Amino acid sequence: MRGLGEVPHRWVGWPGQLSSSAADGREALTRRLREEQGCEPVFIDDEVAYEQFYEGYSNATLWPLLHYMTERARFEPSWFHGYEAVNRRFADVVLEVAGRGARVWVHDYQLMLLPAMLRAARPDLRIGFFLHVPFPSHEVFRVLPERETVLRGLLGADLIGFHTFGYLRHFRSALLRSLDQDSMPDGALVDGRHVRFGVYPIGHNREAFDRVTTQPRYQAQLEELQRDFGDRRIVLSVERLDYTKGIPHKLQAIDRFLGEHPERRKDTVFFILAVPSRQSVDAYRELTARVQLAIGELNGRYSTFSRQPVHFYNRGTSLERLAALYAFAEVALVTPLVDGMNLVAKEYVDCRGAPGARPGTLILSETAGAAQELAGAILVNPYDAQGVARAIASAIARTPHEASAAMDPMRSRVRKHDAEAWARSFVGDLELESRVPLDPAAEVGDALLERIVGATRLGLILDYDGTLRRFVGKPEDATPELELLELLERLGALTGTRLGIVSGRPEAFLQQHLGHLPAWLVAEHGFRQRVPGGEWEDANPRADLTWLDVVRPILEQAADLTPGTHVEVKKSALVWHYRRADPEFGAWKAGELVGALTEVAANMPVEVHRGHKIVEVASQQVSKGAALDALVQSWAPDLVVACGDDRTDESMFHRRDAYPLLETIKVGPGATYAAWRLPGVAAVRRFLQRIVELRTGE
Ligand code: ADQ
């Protein structure tokens with residue numbers, strides 16, 4: 001790829017299906033590819049891998065699904081195993097050839113698991129991924145049984161690129177709805193890494209067309225076309241013979257056009273160049289037969305003895321002939337049903353400037369990614385045969401001046417944004433350092449650990465949900481796993497160490513799951529508390545809770561109006577949960593609810609806050625900060641570490657100013673008053689494990 005310039009690079013790819021004799025010479029082929037072309041082959045021509053990975057999961061599951069053709073998509077669990085295995089084969093070869101810190105650019109839907117595989121094995125690599133096909137609406141994508149694994153596979157990358165902003169929008173929606181992964185248009189924070197997203201519309205290989213159109217063979221092709229078809233207008237279609245390209249629909253439109261314009265049957269000729277594709281997949285063989293039949297019928301209906309209106313070429317074409325055809329055709333009819341970008345449209349536009357080219361008009365599907373860039377095309381709905389027939393008629397009727405006026409600005413754009421510019425822009429962005437959101441909290445490091453090891457009387461105050469335990473679909477399912485309980489047991493038993501768990505959960509939950517631990521428990525954000533092995537009691541018996549009856553109906557009404565939400569009633573707080581609601585609808589309703597509550601509760605002793613998929617109204621007279629005060633008083637420690645992920649934990653972090661003995665750790669992204677940061681639950685557990693090891697001298 002020229003965009004990579006002089007940067008030393010290697011291609012890793014499948015050299016295609018080998019004949020059995022060539023398969024015997026794999027080693028020789030590998031050597032030749034490596035030495036002569038800088039390529040590393042990955043062989044997938046063994047029967048199982050080929051069928052499961054290539055024909056199966058790539059071409060019969062993902063390809064139709066990503067192109068909105070759910071009814072064509074087939075799902076076979078064994079295909080996904082083959083897909084995983086071949087992605088793994090690619091990973092093995094990449095890992096062999098990629099040096100430390102190498103940039104790896106992964107292409108397209110066949111390799112969507114590869115980024116995460118590479119990331120897991122080699123965090124030093126900088127990984128980019130580009131999707132050449134559409135990313136469909138989540139309503140379609142969610143049909144994929146392995147959707148979560150596939151999305152996680154992609155999130156292994158540092159930079160993920162799409163042709164259009166629409167595809168990126170759909171991808172973000174899938175992240176939110178399938179993985180509960182929040183994101184911004186430019187990226188997402190995933191396990192403490194910033195995964196960037198970008199829009200990079202691919203361009204055509206301008207350099208190849210510039211080169212070929214200066215050659216005598218191109219001129220010869222052009223002269224031949226002039227001789228044979230000089231008195232006729234050519235309407236040209238070029239595509240792979242694929243059901244996404246809408247060839248049968250196009251033939252219907254041509255049928256209408258020829259039916260309605262008998263005067264054009266003599267001077268218009270339709271060239272359909274369809275390169276055979278994936279002929280081992282049933283759907284493609286059926287399509288070929290269907291197209292051939294329809295063309296036979298069309299020609300039967302409209303041919304005269306000397307003239308045939310549709311010429312169908314079911315084969316590839318040399319670049320000089322292709323360029324000559326582009327240059328000679330006065331209309332290009334590019335009408336895919338869905339297309340990631342479509343390079344044929346851009347090649348046609350560029351060839352308007354080729355030597356000897358005739359002025360021309362592009363008819364383009366509004367459903368092709370290229371439609372967003374090629375504003376001078378006649379945009380059509382490929383399903384609307386009548387509309388496409390009208391577009392053909394109006395394109396043919398254009399004067400050369402009209403055609404050029406629409407074409408010239410498009411051509412400048414297409415030439416500027418060619419394949420090389422596209423590659424440069426993607427690779428350039430991949431070079432940029434990932435930006436972790438800027439805020440003052442520093443990564444937890446050795447300085448903090450040293451202070452912890454040195455403390456004689458250490459206090460640990462830990463939040464539960466989102467800090468010790470990952471969020472799951474239903475809050476009641478987020479019970480502590482054995483591994484976590486063992487860790488907490490060991491922490492609580494450390495000499496010179498006091499452990500407190502401060503949570504928004506009700507006491508019943510904490511008692512049931514954590515009650516046996518040698519730990520101070522604080523429930524409902526500080527409303528109820530318990531010393532190890534003791535009885536539960538009110539932290540602030542004088543708190544005014546009369547507001548509960550006023551606020552509760554407001555939350556209940558919100559729950560009635562928003563499917564998938566419910567109200568949790570605690571002794572000193574009310575919580576509206578929207579984790580199971582449609583994420584966007586839930587977030588919008590949460591905003592409304594906070595607005596309504598802020599007004600109603602203006603004079604009440606409450607705090608309204610929006611947390612992780614919740615809106616909570618809690619007594620102002622209790623807080624985690626107040627709970628921390630009480631623990632500090634009773635423990636008399638020389639160091640306290642408070643750690644939490646939520647806004648309610650900020651009331652503890654604010655105590656930093658009051659106690660120099662307090663170290664504060666925010667878990668996850670977002671603005672905070674804490675001094676330190678850990679990226680997520682896994683990192684918190686590793687951190688606690690390290691404390692156990694250091695304080696026991698393990
Ligand atoms: P494709 O689906 O293959 O690519 P497209 O972008 O149109 O579609 O590229 C086809 C290429 O093949 C063009 O360069 C064209 O010149 C060539 N070609 C087609 N028919 C030919 C023929 N008969 N003879 C010779 N050459 C022929 C996928 C996505 C697209 C996306 C590209 C690039 O489906 O949406 O634009 O990747 O990202």
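Ser178 is buried, with a relative accessible area of 9%; buried means under 20% relative accessible area, with a 1.4 Å probe and protein chains only. This is a predicted model, in which local features need pLDDT of at least 70, side-chain atom pairs count only at pLDDT 80 or more, and totals for chains, interfaces and linings use all residues. Residues are numbered from 1 along each chain as its sequence is written, and side-chain values use heavy atoms, leaving out hydrogens and water.

Ser178 sits in helix 8, residues 165-179 (a DSSP run of H or I, at least four residues, numbered from the N terminus). Beyond neighbours within four places in sequence, Ser178 is in contact with His138, Arg147, Glu148 and Leu151, where contact means heavy atoms within 4.5 Å. The side chain of Ser178 makes polar contacts with the side chains of His138 (3.1 Å) and Arg147 (3.5 Å). A polar contact is a pair of N or O atoms within 3.5 Å; within protein, one must be able to donate a hydrogen and the other to accept it, and residues adjacent in sequence count only if both atoms are side-chain atoms.

Now to the ligand. Its surroundings comprise 22 residues, and the closest are His132, Asp339, Met341, Leu343 and Glu347; a residue counts as near if one of its heavy atoms lies within 4 Å. Oxygen atoms of the ligand pair with protein atoms as follows.

| Residue | Protein atom | Distance |
|---|---|---|
| His163 | side-chain N or O | 3.3 Å |
| Arg240 | side-chain N or O | 2.9 Å |
| Met341 | polar backbone atom | 2.8 Å |

The protein covers 82% of the 710 Å² of accessible area that the ligand has on its own (Shrake-Rupley method, 1.4 Å probe).

Note on methods:
Helix = DSSP H or I, 4+ residues; strand = E, 2+ residues; numbered from the N terminus. Buried < 20%, exposed > 50% of the residue type's maximum accessible area, 1.4 Å probe, protein only.
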